[in-house]
Amino acid sequence: KIAYQSDGFGDFDIFVMNMDGSDVQRLTEADSQETQPSWSNDMTKIAYVSNTDGDFEIFVMDADGENKTQLTDNTYYDASPSWSPDDTQIVFISRRGKSFEIYVMNADGSEEKQLTDDSFTDHSPVWSPDGQYLAFVNYNDDIYLVKADGTNLTRLEPKGFDPAWSPDGQSLAFTVLFEQRLAIGVMNRDGSDFRQLTNSEAYDQ
């Protein structure tokens, strides 16, 4: 199934549908904004963002919309939830100062941990296939790697965005700026052996 957000009823709500567009179901009907749905890997739960309490928080619900549970509870802006490969943790971004930082918590909302703390907005975290690392991007289009426990923060070269892991977790593909155009690049997860894969007049990403 596909989970998506729509404002067809006024406020944004979460919907699901089959891959062919059939059997559309509305899962949220609160008088608030529900956005950014993210499936758990076993397809039994959906994490999402809601401002039902006045602030944007991370929630989770069953795949049929039952058992809605608030995971974060603060006065800040929490967004972009994404499940770890084994569905035991959720990474998200939160603006609790001047910029967004990367946070991780258990899937039940416990043991929340801040992974980054800098002056630039950090965003777009993606889990490695083994769940041990997160790749993310900051406002300056620097790609970073950090362990899921917050250690071993490493900036990778060159600059880029939209990092995506190889299935074996040993490489990262990403979009790189090349001569005022966008190209596809790949590098080892330690930043070594960078290779530019495309070189055309088009914008590749």
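The model is predicted, so local features need pLDDT of at least 70 and side-chain atom pairs count only at pLDDT 80 or more, while totals for chains, interfaces and linings use all residues. Residues are numbered from 1 along each chain as its sequence is written, and side-chain values use heavy atoms, with hydrogens and water left out.

**Overall build**
- The protein has zero helices and 19 strands, where helices (H or I, at least four residues) and strands (E, at least two) are DSSP runs numbered from the N terminus.
- Of its 205 residues, 42% count as buried, which means under 20% relative accessible area with a 1.4 Å probe and protein chains only, whereas exposed is over 50% and partly exposed lies in between.

- Four strands form an open sheet in the order 4-5-6-7, with antiparallel pairing; two strands pair if DSSP finds at least two bridges between them.
- Strand 4 (34-39) and strand 7 (69-70) stand at the edges with a single partner strand each, so one side of each has no neighbour in the sheet.
- Strand 4 pairs with strand 5 (residues 45-50) over four bridges in the antiparallel sense, and Glu34 has Ser50 in strand 5 as its bridge partner.

- Leaving aside neighbours within four places in sequence, Leu134 is in contact (heavy atoms within 4.5 Å) with residues including Val91, Leu115 and Trp165.
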